[in-house]
There are 2 protein chains.
Amino acid sequence: MRTSLSEQLGIEHAVFGFTPFPAVAAAISRAGGFGVLGAVRYRAPGRLARDLEWMQGHTGGMPYGVDVVMPARRAEAATEDEVEALIPAAHRRFVRETLARYGVPELPEGDRGSWRITGWLEEVARAQLDVVFDHPVRLVANALGSPPADVIERAHTHGALVAALAGSARHARRHAEAGCDLVVAQGYEAGGHTGEIATMVLTPEIVQAVAPVPVLAAGGIGSGEQIAAGLALGAEGVWLGSIWLTTEEAGLRSAALTAKLLAAGSGDTVRSRALTGKPARQLRTAWTDAWDDPASPGPLPMPLQGLLVAEALSRIQRYEVTELLGTPVGQIVGRMDSVRSVAAVFDELTAGFERAVRRINRMVERGC
Amino acid sequence: MRTSLSEQLGIEHAVFGFTPFPAVAAAISRAGGFGVLGAVRYRAPGRLARDLEWMQGHTGGMPYGVDVVMPARRAEAATEDEVEALIPAAHRRFVRETLARYGVPELPEGDRGSWRITGWLEEVARAQLDVVFDHPVRLVANALGSPPADVIERAHTHGALVAALAGSARHARRHAEAGCDLVVAQGYEAGGHTGEIATMVLTPEIVQAVAPVPVLAAGGIGSGEQIAAGLALGAEGVWLGSIWLTTEEAGLRSAALTAKLLAAGSGDTVRSRALTGKPARQLRTAWTDAWDDPASPGPLPMPLQGLLVAEALSRIQRYEVTELLGTPVGQIVGRMDSVRSVAAVFDELTAGFERAVRRINRMVERGC
């Protein structure tokens, strides 16, 4: 799985692994891929610094990257408290009532909850970037829109490539014009924020739209056969997120959530605005169902929804309220049926890729 | 693009082309693929017989198939008139008002319209099958569920393979257990009836679910690169429907519809129940928007919706009312940007497939 991109980065496989867990990101880089740590859940820059420090010592000298969420446009209200004030009372009531219906306990006094995806507030993302650029990261990815020009310049000065996720050719073109070095074509079947176009159609469309900028195929990729498919579509590499959630290194604090992921089929996800205000694929749960119900006030736009549900999600996770417990994950959750090490996943990816290539070559040879 | 399946059928490429146009189906078989004529729009068995007769003389001796729509479960009301009687007045009014809003003229006296997709009424489908089995068809595909046991037996006696479309591993397993020889894994991005799982995820899932029954990948496939991707995912062949709509042989009677297809991007389709009562991907139009509007009474279940809208769609097509004019088509409509012959499409598919295989092989060789 070598391409000019993997050679440029000095890695063995053009397999980029996105994960919120430093131990997983480090293991991906050690296994020959390229680990990308998702920074969106870090509120305290000190915590991010500590984790990047740790990664630096655990990637075996191999390169790694960081993923931030930074909207190109500024929100009107700039601080978290100002944004909080925009949330309607009816929405707060709906959250309270839904939690009460499932008997979700309150957090202990003084605990605001760890689950705060507020990284897309520009002030938070910029504080994260200050930390990121204190470390020798080789890639900065932006999960939402093109990064601002000064961030791209700063990354390039730092010697890092800049990647941006796109769900349409139009967005991809904007990223390329902004100066991004890589575009991640994120298909409908992906976990997290996705558009409507499936990977099979989106990848070649974006490859054509941004050439010669290299493209990573994302969405629906969790096996070597799917990697071969993504590369056949013209990608220079693949971007995998979901598959790492059930690795040993992920050590999901919640055994109940791991069990739900292992049991889920490909049809058990939903693309819902309940998590962040923008459509994001996630495990379908009683929580997403409640937001889809006609009685729901409907999700708020980003960034309000993320702030609205932050404490609720912390409570659901802390007390492992099974019916409500979810996570962003793609349709490949259907094939996540055992807990394995990152290295074991990589071995399987490599073997599957080679199997797929041999298979395809037989189909050509028969024709000779 | 040779697989054991193409060798079994004696065709050059494991590329199955579904189309409602006999001239396209024949051209696909002549070009080295396997043409499959969609029978669902034929009301009069005599017309179907005439077209199969014609195909027999125009496939250059190569094999071809027919696609019928036959629900495994019988509807309560068996005849078209009995089903018509179940349609609520409010729905008829909504159709009348929507047509009036766009000034769609009435059909001439005595003309019931050609656009009647009533083939899924069992009596209609069975009459079609009587005609089909008068001809040396090599494949009978069922676009909706497993065919009844007696139809499978009849096909096998006739020397024809039986295929069935599936949007989930559960449906695919049911088809295999019923005795189908082939399963078409139809992903979310496909034109026509589709489920929620994208081709990238669905194909390997169905391959695993029904092995050793061969699987055709469908949905999002309109280029040689996409064929390579489908085959890398474990399919023994691919099933393409949309790409033929803008071929010279299709001779879509409506120039306005051809123009809309050529102009449409991958984001210009919608998965809507407005056409048949089950979710089917189609061009997004003012007609599908009207059915998605809060003011709409909502589509009826199959087969009521198809009967409800049949005359309306005939009128829209006959008078080429551009805003309302649509057709089932997949997300690959974005790459349909010129009118070409079926043979030219095939040349491009072959070249793209070879390009993709060479590309993948370079990625392996670099690793050696």
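**Core, copies and backbone**

Modeller: Start with the largest nonpolar core: of its 150 residues, A:Trp244, A:Trp287, B:Trp244 and B:Trp287 touch the most other members. A nonpolar core here is a set of buried Ala, Val, Leu, Ile, Met, Phe, Trp, Tyr and Cys residues joined through side-chain atoms within 4.5 Å. Buried means under 20% relative accessible area, exposed means over 50%, and partly exposed is in between (1.4 Å probe, protein chains only).

Colleague: What are the ground rules for the numbers?

Modeller: This is a predicted model, so local features need pLDDT of at least 70 and side-chain atom pairs count only at pLDDT 80 or more, while totals for chains, interfaces and linings use all residues. Residues are numbered from 1 along each chain as its sequence is written, chains are lettered from A and ligands numbered from 1 in the order in which they are written, and side-chain values use heavy atoms, with hydrogens and water left out.

Colleague: Aromatics next. How many aromatic pairs are there over all chains?

Modeller: Eleven. Rings of Phe, Tyr and Trp (its six-membered ring) pair if their centres lie within 6.5 Å; planes under 30 degrees apart count as stacked, over 60 as edge-to-face and the rest as tilted. One of the pairs is B:Phe16 with B:Phe34: centres 5.1 Å apart, planes at 40°, so tilted.

Colleague: Where do B:Phe16 and B:Phe34 sit in chain B?

Modeller: B:Phe16 is in strand β1 (residues 15–19) and B:Phe34 in strand β2 (residues 34–38), so the pair links distant parts of the chain, 18 residues apart. Helices (H or I, at least four residues) and strands (E, at least two) are DSSP runs, numbered from the N terminus. B:Phe16 and B:Phe34 are buried.

Colleague: What about B:Phe94 and B:Trp291?

Modeller: Their ring centres are 4.8 Å apart with the planes at 70°, so that pair is edge-to-face. B:Phe94 is in helix α5 (residues 89–101) and B:Trp291 in helix α12 (residues 286–292), 197 residues apart. Both are buried. Over in chain A, A:Phe94, A:Trp287 and A:Trp291 form one aromatic cluster.

Colleague: Which charged residue sits over the ring of B:Tyr188?

Modeller: B:Arg281, with its charged end 4.5 Å from the ring centre. A:Arg281 lies over the face of A:Tyr188, also at 4.5 Å from the ring centre. The test is NZ of Lys or CZ of Arg within 6 Å of the ring centre and within 35 degrees of the ring normal.

Colleague: Switching topic. How are the two copies related?

Modeller: Chain A can be laid on chain B with an RMSD of 0.0 Å by a turn of 180° and a shift of 0.0 Å along the axis. The copies are thus related as by a two-fold rotation axis. In chain A, the C-alpha nearest the axis belongs to A:Ala229, 1.9 Å from it. The same surface serves both copies, with 100% of the contact residues of chain A recurring in chain B. The superposition is by least squares on the C-alpha atoms of residues with pLDDT of at least 70 in both.

Colleague: Is helix α10 of chain B covered or exposed?

Modeller: Mostly covered: nine of its nine residues (224–232) are buried. Just after α10(B), B:Gly234 takes a positive phi of about 110°.

Colleague: Where are the cis peptide bonds in chain A?

Modeller: One runs from A:Ala211 to A:Pro212, with omega near 10°. A:Pro212 lies in the loop between α9 (199–210) and β8 (215–218). Another joins A:Met302 and A:Pro303, at an omega of about 5°.

Colleague: And what is the phi of A:Glu320?

Modeller: Near 45°, a positive value in a residue other than glycine. A:Glu320 is partly exposed, with a relative accessible area of 32%.

Notes:
Contact means heavy atoms within 4.5 Å.
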